[in-house]
Amino acid sequence: MKQVIIFANIYFMKKYFILILFLFVVPYCFSQTGTIRGFVSDKKTGEPIMFCNVTIDGTSYGSQTDLNGMYTLAKIKEGEHKVSVTFIGYKKLTKNILLNKGQILTLKFELESTTININEVEISGERQEMKTDIKAASIKITNEDLDLVPTIGGEADLAQYMQIIPGVIFTGDQGGQLYIRGGSPVQNKVLLDGMTIYSPFHSIGLFSVFDADIIKTTDVYTGGFSAEYGGRVSSIMDIKIKDGNKKRLQGKLSSNTFGSKLLFEGPFKKDGGTTFLFSGKTSYLDKTSETLYNFSMPYSYTDLYGKLTFNANNGSKANIYGFNFQDQVNYQGISDLQWNSNGLGSEFILIPGNSPVLIEGNFAYSRYYISLDEDVSALRESSISGGNMGFDFTSFQPKGKIKYGFNVYSFSTKYKTYNSANSRVELSENNSEFSAYVNYQYNSKRFIIEPGFRLQKYTLGTSPEPRLGIKYLASDVLRFKLATGLYSQNIMSTVSDRDVVNLFYGFISSPEEIPLDENGNEYKNKIQKARHIILGAEYDVNLKMDLQIEGYIKDFTQLTNINRSMTSNYDNEFIVERGIANGIDFLIKYKNKQIYLWSVYSLSFSRRFEQNNEYYFPHFDRRHNINLVSSYTFGKKNSWKADARWNLGSGFPFTQTQGFYENLPFSQGINTNYISENGDLGIVYADLNEGRLPYYHRLDLSLSKTIEISKNMILEITSSVTNAYNRENIFYFNRIKNKRVNQLPLLPSAGISLKF
């Protein structure tokens, strides 16, 4: 029956989108103007150049290239024109063209890098994007940005950069998770070229599963995201992987005290029509930590990624990619945890020759499995697997664009665990989701307005979700922005928000049977819901310094959670709570030719409300969080680079111990001799999370030297130190043994890499 419903929805939406496509295409067929579009790329590597300025001389018409290097100039008057392309660090390129009525002219530009010294007056692509997009609660991370944070172990990593983003809370070096503006990890959606990644970070919190050298861009939306995204109630992390080099074979070999990596890419033929990219990295911390650091770190991982890209002459392209990520933690004699994530996907961009509508699509299948073996008779397991198909259509307008699309997602979840009564609990579900959206962006001299609407249809119900974004350009240096919307999701974690440290992170779909609300009535929808409002300002202090301020409120109106108070099979396995997260973030950035400074201060409040309206602070509620990052290049040809990052965070909530008692299990029932039998040690707890842990702070440093062996061969030597002044930050406290366990100690490391 579910399959019938899915196919019916697909059929209906197919007719609906054909009609929309018809309405957008037909007007252009009778237009008295024309369209100029195309791509801008680097002449040396063939890589797209993002945020490049494309203008028509003598007119007010202009556009910026997107992350694919594509630009579109719509409704241009017929006649002769001169098209100019400019970007910092590249030679200006112009072409004279003749545009006819109704013509769609495709122009491709390849820019050459320039050796001419650039004046101090520089306008970055990021700042230009701020003036043409709303980008509320959004941070764009490029490959170059990742190198600005100290390279722990000698390699840049997305996990380390994510920790410095405003509103992001990182709960620890070991088994730590990222909490984004009050949202738990399962409420943060991670996309890799359109595919959902369920476990983006390894158990040791210093590393992600993604190789930093293959990442083109990462857009992190910490709230208020547009109708293009859905299926989560807190945040979106959209990662795009670069294509293989179109011009030549190149790669990278690296090794350090934490692990090793291999990267290889290039064209199959000289024309660059088909390219490949392969990346593999592995860790051997579990083998080197005790020898090098006299400190046991039982973590190991292996990450493999491969991609094929097929390029057409008109800019259309398709790619096929696959990955396998593995993680293992082995606390000898205590527990053995491992997870595996693998998938296969395809993504394409189609540029019809006679239509101004850009068509994008993706197909993907992925699987995630995790197991925790603490005892032979108590193996915990969880898995989620499924496939998705999505299409997006973009119609460019003279003063904006319209983007619309749909996505079909089907998945199954399996979960096996044991409750506090040692009873086995098993759940197995099959689910499907269908979503459709439309998003319109209008640009005027002073306003950027972006209304949108998304419809999310789940097995358990339907969620209509209006979205709205507005930016007001008060002046050339001052901008105000607002974003708001409704959000939903149909997936939850096997980890409770009340768990302090839990490496076993599985997934289940939202259950059909949940408790009644506080009035004794059934919830109208079983799905989880939230609403966001983001208010902010951007101020260009000068040509080198930016200031951003954002305040936010996330109202998680309905959250389903694991019931950790369940003591028998008669208790409900789940609880329904409400959450409120609010705060304000300050970000100051400074950048010149040699110095980069990043300063973030976050003040945040997170609360969870139970059905009796009593609230508690979840374990990730950090009141104050400061991140200071600096990067300095110096020496001949700026071949030396020094990086530093200091993080200060106020203490997390924890539940205090009030006392101990002897807990008799009455194993023989009424025949138990309670006078002579020895009981277990019981703990008397205070109210949930009434206490606060000490402040957390850590300093990381790195120093690197680049040696140019030849034109295409570069050697880089890196040394780094994690927790430079050996701060004893608490990991957890063993109440039974009365023993404190700390986070990572001072960890020096060194690495060497060869780029060719």
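Here is a short chat about aromatic rings in this predicted model.

User: What ground rules apply, and which pLDDT is needed for side-chain atom pairs?

Analyst: Residues are numbered from 1 along each chain as its sequence is written, and side-chain values use heavy atoms, leaving out hydrogens and water. Local features need pLDDT of at least 70, totals for chains, interfaces and linings use all residues, and side-chain atom pairs count only at pLDDT 80 or more.

User: How many aromatic pairs are there?

Analyst: Rings of Phe, Tyr and Trp (its six-membered ring) pair if their centres lie within 6.5 Å; planes under 30 degrees apart are stacked, over 60 edge-to-face, and the rest tilted. With that rule, the count is 31 aromatic pairs.

User: How many residues apart in sequence are the parts that Phe210 and Phe325 tie together?

Analyst: These two rings are paired edge-to-face, 6.2 Å centre to centre with 85° between the planes. Phe210 is in the loop between strands E12 (195-196) and E13 (215-221), while Phe325 is in strand E19 (residues 317-331), so the pair ties together parts 115 residues apart. Strands here are DSSP runs of at least two E residues, numbered from the N terminus.

User: Which ring does the charged end of Arg692 sit over?

Analyst: For this, NZ of Lys or CZ of Arg must be within 6 Å of the ring centre and within 35 degrees of the ring normal. Arg692 has its charged end 5.4 Å from the centre of the ring of Phe617.

Definitions and conventions:
Helix = DSSP H or I, 4+ residues; strand = E, 2+ residues; numbered from the N terminus.
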